[in-house]
Each structure stands twice: as C-alpha cells, then as structure tokens.
There are 2 protein chains.
Amino acid sequence: MREGPDIARIASLVGDPARANMLTALMGGTALTASELALEAGVSLPTASSHLSKLMEGGLLTLASQGRHRYYGLAGPQVAGMIEAITGVAAAVGPQRVRPGPRDAAMRAARVCYDHLAGEQAVAMLDRLVGKKVLIRDDKEIRLGPSAAAHFAEIGIDVESKARRPVCRACLDWSVRRSHLAGTLGAAILDKILLEKWARREKDSRAVIFSPMGKQAFETVFLG
Amino acid sequence: MREGPDIARIASLVGDPARANMLTALMGGTALTASELALEAGVSLPTASSHLSKLMEGGLLTLASQGRHRYYGLAGPQVAGMIEAITGVAAAVGPQRVRPGPRDAAMRAARVCYDHLAGEQAVAMLDRLVGKKVLIRDDKEIRLGPSAAAHFAEIGIDVESKARRPVCRACLDWSVRRSHLAGTLGAAILDKILLEKWARREKDSRAVIFSPMGKQAFETVFLG
DNA sequence: ACAATGCTTCGATGGGGAACGAACTATGCG
DNA sequence: CGCATAGTTCGTTCCCCATCGAAGCATTGT
C-alpha cells in the first residue's frame with residue numbers, strides 16, 4: 001500500500017465529464033465565468049458551481065472576482081501541462097473508434113464550439129488574420145490590430161465590444177491541437193457564416209457543412 | 001459542450017485510489033502480477049482483477065502472460081509521463097505534509113520514472129548535457145547533438161535507436177518542475193547506473209540511492 | 001428602493017461503481 | 001489424476017456523488 005502525493009484525488013477531479021469539459025475549456029488560457037463554464041460543460045448552474053468549488057478546493061483553479069462576475073482560470077502551467085498529458089493519452093488510446101466516418105471528417109473540418117467556429121477552417125482563418133496583422137497574437141492572448149475595426153467593418157462586423165465578454169479569445173482545438181478564435185468576434189463570424197448561408201449546421205451534431213459556393217465566399221473573405 | 005479525446009474517461013481510471021496505487025507501483029518500471037498489485041493497492045484479489053481489466057480496456061496497461069502468471073505493466077512512456085504530470089500537480093497542491101521525511105528527500109534527489117532516472121540528479125544531468133551541446137534542446141523537444149554518438153560511445157552507451165521509440169524525450173519532473181531525460185537514451189543511462197552499482201534501488205520504493213563512490217563516478221561521467 | 005443579473009447553498013433523488021465472498025477456469029506439480 | 005496456486009466472473013450490497021429545483025446572497029443598474 002503506497003502513500004505520497006494524492007494522485008487519485010487530483011485525477012478524480014479531472015475524471016468527471018463535466019469538470020473535464022470545464023478544464024478543457026480553460027486550456028484556452030483565458031478565465032471564464034461560472035455561467036460560461038456551465039454551458040461548456042452542459043450542466044446547470046448549480047451543478048457547475050458545485051464542480052467549480054471542488055476544483056478550487058483541489059487547487060486546480062484560481063478565482064478572480066470582478067464585481068458580480070467570478071472568473072475561473074487554470075491554477076498554472078503545471079496544471080495545464082497535466083491536462084495536456086492526459087489529453088495526449090486519451091487521444092492516443094481513444095482512436096479505437098471504428099474508422100472515422102464522414103461525420104468525423106466534417107467535424108474535424110468545421111464545427112461549432114459553443115458559439116464560434118472550430119476545426120481546420122477556423123484554425124486556418126485565425127492564422128490568416130494573424131498573418132495579415134488584423135489580429136495580434138501575444139503568447140496565448142489575442143488582441144485586435146490597428147486595422148481590425150476597418151477590416152471587419154468592411155465585412156459587416158462591428159468589433160465594438162458591447163458585452164463584458166472579451167472580443168477575442170484563443171480556444172484550443174482538439175482536432176488540430178492549435179488555437180482558433182473565440183470571444184464575441186468569433187461568435188459574430190459564425191453568425192455571419194450561418195446568416196449568409198455559406199454553411200448549415202448538421203442536425204444533432206456540432207458539424208458545420210459548407211456549401212461549395214459558401215466555402216468559396218468564406219475563403220475569399222477570410223482567407224483572401 | 002465539448003467533445004474530443006475522452007479525457008474524463010482516462011482521468012477517472014486514474015482517479016480511483018486502488019487503481020492509482022497500482023499505477024504508481026508500476027511507475028517503478030517492472031511489470032507486476034495481479035496478486036502483487038492487489039497487495040500494493042490494498043484490495044482483495046477479485047477487486048484488483050476488476051480494476052486491472054478496466055485499466056487494460058482503457059489502454060493504460062499491457063499484459064504479458066507467462067504460464068499462470070499474468071504480468072501487468074504500463075502501456076508506454078506516454079502513460080508514464082501522464083502519471084508523472086498528475087503526481088507533480090498532486091505534490092504541488094497537496095497537503096504540504098508535515099516535514100518531508102528522509103525518504104522524500106531521497107525521492108526528490110533521484111528516483112526511477114518508469115524506465116529512466118528522475119529527480120534533481122537527472123535534471124542536473126540533462127542541463128549539463130545540453131550545456132555541453134551533446135544534446136540539443138529545441139523548445140520542448142530534445143535531439144542528439146553532432147558529438148552525441150562519440151560522447152556516449154565513450155561511456156559505453158550506443159545511441160542507435162533500434163526501436164520505434166524516440167531516443168530522447170523530455171519528461172517533466174514533478175519535484176523540480178523542470179525536464180529530465182527520457183527515451184531509450186534515458187533508459188540506457190539508468191541501466192548503466194544500476195549495472196555499475198553506482199546506486200541501488202530502495203526496496204518497495206522508486207527512490208534510487210547513490211553510494212558515495214557511485215555518486216562521484218556518476219558526476220565525473222555525466223556532470224564533468 | 002426595487003428589480004435584474006450572477007452565482008452559491010440547500011435538500012432530495014437517483015444511478016454508477018467499488019467492494020467482497022463464493023464459485024468457476026486455467027496452469028503447474030507430484 | 002488430484003491437489004495447489006493464480007486469476008477471473010458473478011451476484012449482492014452499499015455508499016458516494018452528480019444532478020437539478022428552489023431559495024438565498026451579492027452586486028449592479030435605474
């Protein structure tokens with residue numbers, strides 16, 4: 001019978017699906033509110049709150065209170081490294097799934113992540129925006145570049161942040177293992193994509209299917 | 001709501017105390033039988049068997065049947081790395097135990113991590129090898145330098161990689177929070193240390209105790 | 001002061017899974 | 001063969017904890 005660092009305690013904190021989803025969401029590097037995390041995890045607010053207090057007690061999260069908002073974030077790089085290690089094993093061991101069907105391919109290409117676009121398309125888009133210096137990537141953070149307002153106004157998107165929620169946020173993509181764009185800007189872009197009918201959402205799935213013409217338009221506007 | 005690699009599934013496997021004890025025991029690097037693991041975990045044989053089949057199904061263990069004995073071992077370095085990462089977090093946030101005992105000091109100084117050396121000694125060694133440009137550290141990756149083959153041949157270690165496993169790999173050290181050397185080269189070095197009797201393994205522990213002379217020899221060869 | 005929002009606490013419910021004893025299978029030994 | 005050792009499977013019991021609705025605090029806005 002062994003003793004030492006209580007590894008089971010830490011692992012079991014990550015071992016609940018709701019908590020695992022929350023932690024994965026926080027891997028983007030930005031702190032999120034309890035409500036946002038409840039959405040990410042797919043549980044009610046009371047349930048999320050309970051989970052969050054457990055994660056706090058376990059030392060995996062930090063809390064920054066700002067008025068009536070409470071921003072939860074990962075406690076540090078060591079915790080992030082642990083999540084990444086677990087994700088690595090899960091990814092290595094997981095693909096026991098029988099042949100990735102077309103749905104999986106579609107999911108990898110483009111899917112909804114809460115309220116914004118994720119997948120290869122989304123990662124390519126963020127790369128391009130950063131390449132054109134419309135957005136500026138600092139370490140793990142993303143900010144608007146000087147030309148951002150003009151650039152997005154042309155497309156018909158207002159980058160003024162009405163809500164308190166950040167305009168830009170990096171969100172880690174599990175299929176590509178790189179960041180894509182979240183935040184109100186990411187949400188606005190997804191809205192536009194669906195509004196212009198460049199793509200439609202697959203029913204009962206997070207996959208986003210672009211029409212041939214829609215893909216062309218998307219690439220012209222965001223990857224051009 | 002997120003999807004992707006099922007991290008909760010993997011984490012919950014580690015999240016049970018009995019299973020966590022088994023995995024920790026297997027971090028020593030040697031495969032153990034079901035009965036031995038039942039003892040380590042402090043559970044009955046049927047319970048242990050049930051846990052082991054779950055760990056097998058989760059892909060965390062390998063099984064080698066030899067007659068009526070069934071030897072369970074960690075599935076690979078990636079799994080070992082994950083356990084180390086979790087241990088690191090647990091040690092960092094853990095209930096700062098009243099005064100670290102001598103055993104803990106020994107563990108911090110040098111211990112076995114699956115099949116290679118970890119602890120302060122191992123971190124110092126990697127630093128020195130990188131300093132001498134025998135190894136080259138790129139971001140998170142470690143490669144052989146031009147002089148590596150000659151350098152290790154002198155010591156009696158062949159750096160030719162026969163297996164598919166990488167020769168060098170960085171492994172995060174929970175006690176020092178820095179990387180040490182894993183991979184086939186790391187394993188070969190541990191082999192040499194034990195073969196030359198520079199150090200012995202503490203019974204029922206992962207600690208590696210250097211003799212005064214052995215430490216001297218080790219430092220001459222690897223830190224000189 | 002009152003309403004609205006964001007979040008936590010409380011209490012009741014239900015399901016999952018960890019535990020063990022007993023019975024069963026498999027390998028080795030005389 | 002029969003007996004012993006090593007492990008797994010089965011069935012039962014029991015406890016922990018994830019879940020949600022309702023109610024309670026706290027902060028902000030009007």
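**Exercise 1. Describe how helix 2 of chain B packs against helix 3 of chain B, and classify the residues of their contact.**

Step 1. Two packed helices are described by the angle between their axes and the distance between the axes. In this predicted model, helix 2 (residues 17-26) of chain B and helix 3 (residues 34-41) of chain B pack at an angle of about 115°, with their axes 8 Å apart. Axes are lines fitted to C-alpha atoms, for helices over the stretch in contact, and angles run from 0 to 180 degrees between N-to-C directions; helices (H or I, at least four residues) and strands (E, at least two) are DSSP runs, numbered from the N terminus.

Step 2. The crossing of helix 2 of chain B and helix 3 of chain B is right-handed. The contact (heavy atoms within 4.5 Å) is made by B:Ala18, B:Asn21, B:Met22, B:Ala25 and B:Leu26 of helix 2 of chain B, together with B:Leu37, B:Glu40 and B:Ala41 of helix 3 of chain B.

Step 3. Sorted by type, the residues of this contact are six nonpolar, one polar and one charged, where Ala, Val, Leu, Ile, Met, Phe, Trp, Tyr, Cys and Pro count as nonpolar, Asp, Glu, Lys and Arg as charged, and the others, Gly among them, as polar.

A note on conventions: residues are numbered from 1 along each chain as its sequence is written, and chains are lettered from A in the order in which they are written. Local features need pLDDT of at least 70, side-chain atom pairs count only at pLDDT 80 or more, totals for chains, interfaces and linings use all residues, and side-chain values use heavy atoms, with hydrogens and water left out.

**Exercise 2. Classify the aromatic pair of A:Phe210 and A:Phe218, and decide whether A:Phe218 is buried or exposed.**

Step 1. Rings of Phe, Tyr and Trp (its six-membered ring) pair if their centres lie within 6.5 Å; planes under 30 degrees apart count as stacked, over 60 as edge-to-face and the rest as tilted. The structure holds four aromatic pairs over all chains, and the pair of A:Phe210 and A:Phe218, at 5.2 Å centre to centre and with 55° between the planes, is tilted.

Step 2. A:Phe218 counts as buried because its relative accessibility is 0%, and A:Phe210 counts as buried at 14%; buried means under 20% relative accessible area, exposed over 50%, partly exposed in between (1.4 Å probe, protein chains only).

Step 3. A:Phe210, A:Phe218 and A:Phe222 form one aromatic cluster.

**Exercise 3. Locate A:Leu52 and name the residues that it touches.**

Step 1. A:Leu52 lies in helix 4 (residues 45-57) of chain A, and at 0% relative accessibility A:Leu52 counts as buried.

Step 2. Not counting residues up to four places away in sequence, A:Leu52 touches A:Met22, A:Ala34, A:Leu37, A:Leu61 and A:Tyr72.

Conventions: A crossing is left-handed if the near helix is turned anticlockwise from the far one by less than a right angle, and right-handed if clockwise.
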